[in-house]
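Here is a short briefing on one protein model. Please look over the sequence and the structure before reading on.

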Amino acid sequence: MEENQMKKMLILVLTLALTLGVCSQALAADKYTIALIAPFTGDNAQYGEAYKTGLQVLCDEVNADGGINGAELTFETFDDASDAAQSTNMAQIVTSDEKYIAAIGSYTSTCALAFGSIFDEAQMPVMVPNAGNSMIATDYTYTFQRGMTIPIESALMARYAVQKLDCKRVAFLALNNDAGLQFMENAVKAIDNLKAEGVDCEVVAKESFNEGEVRDYSAICLKLKDAKPDIIVVNMGYVECAAILTQAQQVGLTDVKWLGNQSMYTTDFTNLVGDAGKGFYVSTGFYADNPDENIQSFIAACKAIDGKIPNAYQRNAYECASMIAYCLRNGATTRQELYDALLAIDYWPGKTGANKWINRQVEEEYLILQYQGDGLWNMLQVNQ
């Protein structure tokens with residue numbers, strides 16, 4: 001073959017290779033996909049559905065505004081049923097498929113702790129919307145925690161119970177899991193610190209139970225009644241809490257205040273608990289009656305999808321996806337570039353509320369709300 005012909009063929013081959021490469025890149029840029037790992041079956045399926053709503057709102061907004069530099073933003077769901085082993089299986093599926101640029105999930109601290117090493121090994125960013133065990137971000141590198149960590153939140157709640165609600169005898173009740181155990185440890189430590197400062201307070205009871213294994217809480221309620229607390233501070237899901245409040249009334253545990261985590265700030269809780277929930281206090285970073293236009297727009301979008309007033313679960317999933325979209329729009333095209341861009345965010349203004357990022361964990365204002373009955377909540381103050 002003549003030298004000129006060989007040169008022409010080489011040029012043709014190179015041109016074809018470059019063309020195929022450009023087409024491949026263009027195809028990859030047609031869509032960015034986030035993996036949502038969360039419970040969609042089992043006792044915690046409502047939280048997976050809440051995350052799904054929040055992601056859908058964000059994707060709809062982004063795509064209506066032209067997408068990610070012209071590319072569609074979408075997500076796919078992976079059911080872990082709040083089971084650690086199933087969560088790791090889902091994480092392995094997600095991390096091994098390059099179509100997923102990032103992941104959001106899971107609901108429980110136990111699941112997030114279980115799959116953290118898998119995302120580290122794959123060098124793929126995962127944003128945890130609400131799970132609060134502090135080791136999720138401190139023990140793993142590619143994890144971002146959007147919810148306030150339990151050591152901070154539990155101390156806030158314990159101090160509020162004593163200093164603002166004027167309660168001297170404090171009882172704690174939590175799930176016997178990674179989140180509940182860390183909550184109990186740090187809440188008790190906060191009371192001990194107040195005592196060391198000369199504040200008149202004490203821990204009179206500490207009770208825990210295994211999620212999904214208890215339906216009759218009367219024995220626990222009787223133990224708490226015997227301890228004669230001024231307040232009972234709880235960390236659990238709203239289904240268990242509603243049952244406990246109802247059964248507490250049945251055994252005569254009535255002359256006591258209750259303070260819980262943001263899981264109880266939902267219409268599902270108020271529908272279940274009825275009058276037994278009147279006076280219940282919650283600590284939360286999201287308040288649906290905030291008149292801010294952006295928040296009300298977000299609430300309307302969520303209600304259009306599932307008919308429910310959103311809470312911190314829809315909101316945190318929305319903000320996690322919003323940060324991912326922001327970084328992609330500003331030049332991140334790979335998992336590592338996305339991780340680096342997320343890591344560079346020190347302050348996030350947030351459509352539904354601002355937060356600071358410190359070592360991949362969040363610092364934000366928390367509000368104290370009190371349930372008034374008939375689905376109505378009253379905001380008392382910012383708890384910092």
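The model is predicted. It holds 1 cavity of 30 Å³ or more. M264 counts as buried. Helices α11 and α12 pack at an angle of about 110 degrees.

**Cavity**
- The largest cavity contains about 360 Å³ of space.
- Its lining comprises 25 residues. Y107, A179, N235, N261 and S263 lie nearest the centre.
- Three helices each give at least two residues to this lining: α4 (109–122), α6 (150–163) and α7 (178–196).
- By class, 14 lining residues are polar, 9 are nonpolar and 2 are charged.

**M264**
- M264 sits in the loop that runs between β9 (257–260) and α10 (267–273).
- Relative accessibility of M264 is 0%, so the residue counts as buried.
- Beyond its neighbours within four places in sequence, M264 contacts V234, M236, G237, Y238, C241, F269, F280, V282 and W377.
- C241 is 23 residues from M264 in sequence. Their C-alpha atoms are 7.6 Å apart.

**Helices α11 and α12**
- Helix α11 spans residues 293–306, and helix α12 spans residues 312–329.
- Their axes are 11 Å apart, and the angle is about 110 degrees. That makes α11 roughly perpendicular to α12.
- On the α11 side, F298, C302 and D306 take part in the contact. They meet Q314, R315 and Y318 of α12.
- The contact residues comprise 3 nonpolar, 1 polar and 2 charged.

How values were computed: Residues are numbered from 1 along each chain as its sequence is written. This is a predicted model: local features need pLDDT of at least 70, side-chain atom pairs count only at pLDDT 80 or more; totals for chains, interfaces and linings use all residues. Side-chain values use heavy atoms; hydrogens and water are left out. Axes are lines fitted to C-alpha atoms, for helices over the stretch in contact, and angles run from 0 to 180 degrees between N-to-C directions. Helices (H or I, at least four residues) and strands (E, at least two) are DSSP runs, numbered from the N terminus. Angles under 35 degrees count as roughly parallel, over 145 as roughly antiparallel, 65 to 115 as roughly perpendicular and the rest as oblique. Contact means heavy atoms within 4.5 Å. Ala, Val, Leu, Ile, Met, Phe, Trp, Tyr, Cys and Pro count as nonpolar, Asp, Glu, Lys and Arg as charged, and the others, Gly among them, as polar. On a 1 Å grid over the protein atoms alone, a cavity is a set of points where a 1.4 Å probe fits but cannot get out, and a pocket is an open set with protein on both sides within 12 Å along at least five of seven lines; lining residues have an atom within 4 Å of a point. Grid points are joined across faces, edges and corners, and a volume is the space filled by probe spheres set on the points. Buried means under 20% relative accessible area, exposed over 50%, partly exposed in between (1.4 Å probe, protein chains only).
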